[in-house]
Amino acid sequence: MIYGYCKISGAVLLIICLLFAFAPNYAFSVQRFPPPQFKSGHVLPETTQAPPRSDFYEYLDAGVLLAALAVATYLALKRRSRTGLLILTIFSLAYFGFWRMGCVCAVGSVQNVTITLFQTGYSIPLVVVIFFALPLIFTLFFGRTFCAAVCPLGAIQDIFVIKPVRVPRWLDRGLRVIPYLYLGFAVLFAATGSAFIICEYDPFIAFFRRGGRAAILAFGGLLLILGMFVGRPYCRYLCPYGVVLSWMSKASKWHVSITPNECIQCRLCEDSCPFEAIDSPTEEKANTPRTEGKGRLITLIILLPLFIAMGVGLGAGVGSYLSRIDPDVRLAERIWLEDTGQIDEMDDASEAFRKTGRPSSELFAEAKQLRRQFRIGSMILGGFLGLFTGIKMISLSIKRSRKDYETNRTHCVSCGRCFSYCPVEKDEK
Amino acid sequence: MPEKDKDKISRRDFISNTIRGVCLLGLGGTLGLVATRTQAGDTVWQIDPNKCIGCGRCADHCVLEISAVKCVHNFAMCGYCKLCTGYFEPQPNALNTGAENQLCPTGAIRRSFVEHPYYEYEIDEELCVGCGKCVVGCNAFGNGSLFLQIRHDVCVNCNECAISVVCPSGAFKRVNASKPYILKGEEGE
């Protein structure tokens, strides 16, 4: 029986060897010591294969996400309870953050969705799609209640807001450009299958897992300390998912309002928002001619194609530098340097490549293809960034009139801190 | 004046409705495209043992304190050597289980006598840190029956595996959770 087993495994090995005959594989070329045939009837131990965690938990996560979103929306829009939101924040931090160790999260799911769209070999788990879509759908109808109390990254920062100081408007709005860049790069690198930078540089994941790279721990710690004074620095100045959320929020059907009723312009809420998301009423300027603003608007609209062209040009220039983030491109460069004799010794990566026996030319062709993808990708990315810059400048030049203190739908995370500042609220209760 | 105000609000509503419609359409379109390549089950990370070079980064870069990567033994491939180059230091003083003779820094390989001249080698996964020293040793002079695998009872399945980022041989890949291991000598695909 044992002899039979060995023979079968030998036959399987032979078949596999034949299968791999065209790609010489060192693993099967070494069979220096034939497996013994025991006289004592020794039975070979089984190689254990512990199964992965059951899918049940994944779907539980999706269920908890849906429930948390519903509760957050109810607490923010209907119940108007900051205390309730705070309790939910702590729950989300404990569940999605510390218990589930922050994976998979909606912020990172952007990359999974991108890679699915661009790489045919990747199939996306349904749970990841749910994590990507649910917060966006909720935001499209109710505003960023996901940010308020569901996202573990937002939650950890929210409880660290102790003594918020005002960031000057111009600086705040200027820094809010960074998430666009971050999202652009994340999409580019995910689309080429090179890296998941949102996950790699997630500043708080190391806390959730109680371990991680020292640099990331330090970065996360710094953000939390900064977050005591500048509310939610990651959400405002880095979070790439927040960009998509802000688009959805801007078009949301309902949204939290500072006052449950009519604004009486008492100005009490003016300084209540630690995230610079309350817009003050606009001052009525009686004698400004309408044509002045119009001229600038028309100039900017005419300049818009120029902005896009500049972005595309910039993208074309930096594309090949960006491609070096891809491990295959880096490997190809290394192999080329070794092949042409510019470097003598091999590193681990090139040694591993040589062992596979693949011809260098194949790798070079692949790297060339990747470089081309990067060049096209970064041109598109540059174009989009130019477009957004232009649109941003146009939107800054459009005159808007506001009579009341309102939440800025793009930036408001629906945390509910302003509720208690409104005297109308107290009156109603 | 009130008439005009009303008109203005409805125009604003119209614009916001339109934008919301566009957003919904965009989101729906993205999800529709993604839906064709969605799978109900999860994917998990695994090491392709035929690409792995045993560089040792697995032991250091896992997000867990003790790496989820462990050495796995395919007994059917093993030569049951008395002088196992995965077990012993390059020049051992004696072929016994003395700590000074062992290659494994944590003593995670158990060596037991089967019958002359064969010895069996088993991995104690509680002790194994996934450094791959034995894997290199076994590949150098033996059959290569020792190899590294991610153990899914330990792995937390990060969206972007921290070891995969530093793996020099590109051995890390996402595999279907229904077939979560790539056992050397049994791939047969």
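This is a predicted model: local features need pLDDT of at least 70, side-chain atom pairs count only at pLDDT 80 or more; totals for chains, interfaces and linings use all residues.
A:S249 sits in helix 15 (residues 240-250) of chain A; helices here are DSSP runs of H or I with at least four residues, strands are E runs of at least two, and both are numbered from the N terminus. Residues are numbered from 1 along each chain as its sequence is written, chains are lettered from A and ligands numbered from 1 in the order in which they are written, and side-chain values use heavy atoms, with hydrogens and water left out.

Back to A:S249. Is this serine buried or exposed? A:S249 counts as buried because its relative accessible area is 0%; the cut-offs are under 20% for buried, over 50% for exposed, and partly exposed in between, with a 1.4 Å probe and protein chains only. Setting aside neighbours within four places in sequence, A:S249 touches A:T139, A:G143, A:R144, A:H255 and A:R409. A contact here means heavy atoms within 4.5 Å.

## How confident is the model?

Chain A has a mean pLDDT of 88, and 91% of its residues reach 70 or more. That score is the predictor's confidence in each residue, from 0 to 100.

## A greasy spot on chain A

On the surface, A:F56, A:Y57, A:L60 and A:W99 make up a nonpolar patch with about 420 Å² of accessible area together. Patch members have over 30% relative accessible area and no salt bridge; like charges are joined within 9 Å, and nonpolar side chains (Val, Leu, Ile, Met, Phe, Trp, Tyr) within 5 Å. The areas come from the Shrake-Rupley method with a 1.4 Å probe, and for residues only the protein chains shown count as cover. Helix 3 (residues 55-79) of chain A supplies the largest share, three residues. A:Y57 is in helix 3, and its 33% relative accessibility is why it counts as partly exposed.

Most residues other than glycine have a negative phi, and most peptide bonds are trans. A few spots here go the other way.

The bond joining A:C103 and A:V104 is cis, with omega about 0°. A:V104 falls in the loop between helix 4 (82-99) and helix 5 (106-118) of chain A. Over in chain B, the bond from B:H116 to B:P117 is cis too, omega being near 0°, and B:P117 belongs to the loop between strand 4 (109-115) and strand 5 (118-123).

Then there's phi. A:R210, not a glycine, has a positive phi of about 55° and lies in the loop between helix 12 (205-208) and helix 13 (214-227) of chain A. With 55% relative accessibility, A:R210 counts as exposed. A:R232 also has a positive phi, near 45°, but this arginine is buried, at 1% relative accessible area.

## Salt bridges

Side chains of opposite charge can pair when their charged atoms come close. The whole structure has 28 salt bridges over all chains, each being a side-chain nitrogen of Lys or Arg within 4 Å of a carboxyl oxygen of Asp or Glu.

| Pair | N to O distance |
|---|---|
| A:R232 and A:D158 | 2.9 Å |
| A:R417 and A:D158 | 3.2 Å |
| A:D339 and A:R354 | 3.1 Å |

A:R232 pairs with A:D158. This arginine is in the loop between helix 13 and helix 14, and A:D158 is in helix 8 (residues 152-158), so the bridge ties together parts of chain A that are 74 residues apart in sequence. Both A:R232 and A:D158 are buried.

A:D158 also pairs with A:R417. Because A:R417 lies in the loop between strand 3 (406-407) and helix 20 (423-428) of chain A, this pair ties together parts 259 residues apart in sequence. A:R417 and A:D158 are both buried.

A:D339 pairs with A:R354, linking helix 17 (residues 327-339) and helix 18 (residues 348-356) of chain A across 15 residues. A:D339 is partly exposed at 40% relative accessibility, and A:R354 is partly exposed at 31%. Elsewhere, A:R166, A:R169, A:D271, A:E276, A:D279 and A:R402 are joined into one network by salt bridges that share partners.
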